[in-house]
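Please have the sequence and the structure in view while I talk.

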Amino acid sequence: MASHGNGLAKIETQKMKEDKIICHDDSAVPVTAQTEDELHSLQKKKSGPNTPIKDIQSAFGIPTTEVERQKQQLQSISASLASLTRETGPKVVKGDPRVETPKLVQASQPKHTAAPNITDSALKFTHILYNLSPAELYEQAIQNEKGSFITSSGALATLSGAKTGRSPRDKRVVKDETTANELWWGKGSPNIEMDEQTFLINRERAVDYLCSLEKVFVNDQFLNWDPNNRIKVRIVSARAYHSLFMHNMCIRPTPEELENFGTPDFTIYNAGKFPCNRYTHYMTSSTSIDINLARREMVILGTQYAGEMKKGLFSLMHYLMPKRQILSLHSGCNMGKEGDVALFFGLSGTGKTTLSTDHNRYLIGDDEHCWSDHGVSNIEGGCYAKCIDLSREKEPDIWNAIKFGTVLENVVFEERTRQVDYADKSVTENTRAAYPIEYIPNAKIPCVGPHPKNVILLACDAFGVLPPVSKLNLAQTMYHFISGYTALVAGTEDGIKEPTATFSACFGAAFIMLHPTKYAAMLAEKMQKHGATGWLVNTGWSGGSYGSGGRIKLAYTRKIIDAIHSGELLEANYTKTEVFGLEIPTELEGVPSQILDPANTWPDKNAYKETLMKLGGLFRKNFEVFANYKIGADNNLTEEILAAGPNF
């Protein structure tokens with residue numbers, strides 16, 4: 001380039017044959033489109049079949065074409081949305097109603113003459129948005145759902161409406177001849193009964209609401225990474241938020257698996273924006289979450305909180321899996337480089353997520369698992385993490401997982417920058433993030449592993465009398481598993497804070513279907529068969545109760561967990577505590593020996609003994625509801641478990 005006197009480069013030109021001077025630029029050939037619509041049509045690449053079309057023969061020996069496949073798929077969805085009072089399901093068609101839908105994929109409808117009781121909904125098409133991608137669901141949410149925003153990290157922020165948590169008192173299970181004998185009912189049970197007639201009324205209400213909409217979202221997905229025992233689930237919902245949430249939380253099928261999905265094993269009808277009828281029998285509020293195990297269906301009315309779907313499916317697995325001699329577990333699970341698997345049980349605040357997330361180990365899952373004859377498998381395809389007070393320093397994996405594709409529930413963000421303030425509880429304290437498990441860098445995909453080597457029960461004991469670590473025998477493991485203990489700290493108006501004991505059977509009483517002792521007996525059987533060791537780890541207080549003692553340092557707890565993983569703790573010397581009869585190590589590298597026995601850490605020995613007896617009494621009182629339940633030959637297993645509790 002030549003330079004002018006002012007220092008600016010001179011633009012080179014060249015002469016064309018016609019002696020016209022032109023300036024060099026990057027102009028390309030103009031688009032061939034004649035209109036904007038035509039131009040936009042070039043922008044989107046039409047999706048062809050993602051997998052080869054197999055020559056699957058129809059009943060008449062004619063190969064099934066792609067068009068026929070799509071018709072069969074839509075007929076299956078139409079059947080799912082069928083009213084109980086009409087012969088056929090709604091007319092369904094694939095695609096957004098704003099976009100012209102090719103008629104060739106419409107589900108064929110049986111020809112029938114108009115009946116006197118025909119409804120307006122039977123005359124219209126219901127548009128099905130089927131297994132949309134996260135990008136498509138973002139667009140649907142932002143265009144159509146108030147309160148949907150893209151945050152600065154790329155996650156989709158949404159609101160769950162009036163309900164920001166589960167409604168356990170509004171959850172019902174149909175009690176019929178089968179479930180009356182199989183399920184756990186009565187005192188202490190999470191299963192509140194309803195009859196089938198009431199369920200069908202609520203189902204009709206939900207289906208009629210969904211069919212009246214212009215479009216509904218349908219997800220066909222799987223539960224359980226064990227291919228021999230996976231469950232096919234269909235989720236029909238009215239919100240893009242719910243569809244994206246379940247896309248993240250369930251296992252995502254491959255295109256080929258989706259082609260051959262067929263009829264689902266279980267269907268959720270999420271009509272959460274629409275209330276139930278308060279005058280219907282068994283209804284106690286405008287919210288109703290109903291499970292019918294015989295029909296393999298779940299109906300949601302009056303709550304848009306997405307966690308109801310996740311936990312409803314978990315309840316289903318707690319029923320179906322034990323029937324196959326597979327133990328369903330509310331636990332975290334990770335695996336070492338040598339293939340040693342550990343299960344982590346613990347209620348909120350015990351450190352389950354923190355301790356099961358270990359950069360030196362692979363994450364199999366954070367919340368729901370199965371233990372079969374083949375080993376362990378994650379039930380879910382994603383994680384549902386609490387976000388309150390989340391920080392990059394404390395939880396880097398969760399922080400980094402909150403990106404495009406992740407659903408952020410009920411968080412507060414800065415209006416202009418869209419940066420989330422995780423400390424803000426303006427909407428709720430129960431803020432959550434739902435993301436695919438592959439967003440965690442050390443996740444093990446597929447999420448399966450060999451038989452567990454260690455079963456770790458976590459308790460945050462604010463009374464300060466449980467040891468930092470105890471080795472449990474089988475009966476003790478069953479006792480503490482059935483108890484599901486932790487102690488929370490409750491604040492009072494005058495500033496006095498007393499520990500409050502909390503017990504949740506199997507560390508997840510809200511979701512179990514059978515009696516807790518059945519899960520405990522299965523756990524003991526599998527631990528015995530595969531040589532797993534039980535541990536009770538206290539992540540709470542030492543040297544006194546809350547207010548006088550101090551919380552056990554996380555660094556010490558991590559050393560304990562590392563010693564469990566490595567097998568070092570199995571080689572330690574042990575002594576037995578009084579009252580609970582727990583075996584505790586006398587020394588452990590990296591942990592002060594004094595704190596291993598809580599009796600040594602309390603300056604007031606009488607206060608220690610008094611508090612220990614108080615906690616023992618709380619355990620006994622909680623266990624009364626299970627004491628009369630007979631398990632084992634001649635009830636011997638019940639006696640063994642009772643003997644493993646506090647003795648004074």
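Let me begin with His-369, which stands opposite Asn-378 in β19. This is a predicted model, in which local features need pLDDT of at least 70 and side-chain atom pairs count only at pLDDT 80 or more, while totals for chains, interfaces and linings use all residues. Residues are numbered from 1 along each chain as its sequence is written, and side-chain values use heavy atoms, with hydrogens and water left out.

Strand β18 (residues 368-372) runs antiparallel to strand β19 (residues 375-378), and 4 bridges join them; helices (H or I, at least four residues) and strands (E, at least two) are DSSP runs, numbered from the N terminus, and two strands pair if DSSP finds at least two bridges between them. The open sheet has 4 strands, in the order β14-β18-β19-β25, with antiparallel pairing. Because β14 (327-330) and β25 (448-449), at the edges, each have a single partner strand, one side of each is left without a neighbour in the sheet.

Helix α9 packs on this sheet, touching β14 and β18 (contact meaning heavy atoms within 4.5 Å), and its direction makes about 150 degrees with that of β14; axes are lines fitted to C-alpha atoms, for helices over the stretch in contact, and angles run from 0 to 180 degrees between N-to-C directions.

Finally, helix α7 (residues 240-249) packs against helix α9 (residues 307-323) at an angle of about 40 degrees, the axes being 10 Å apart. The contact is made by His-242, Phe-245, Met-246 and Met-249 of α7, together with Gly-307, Met-309, Lys-310 and Leu-313 of α9.
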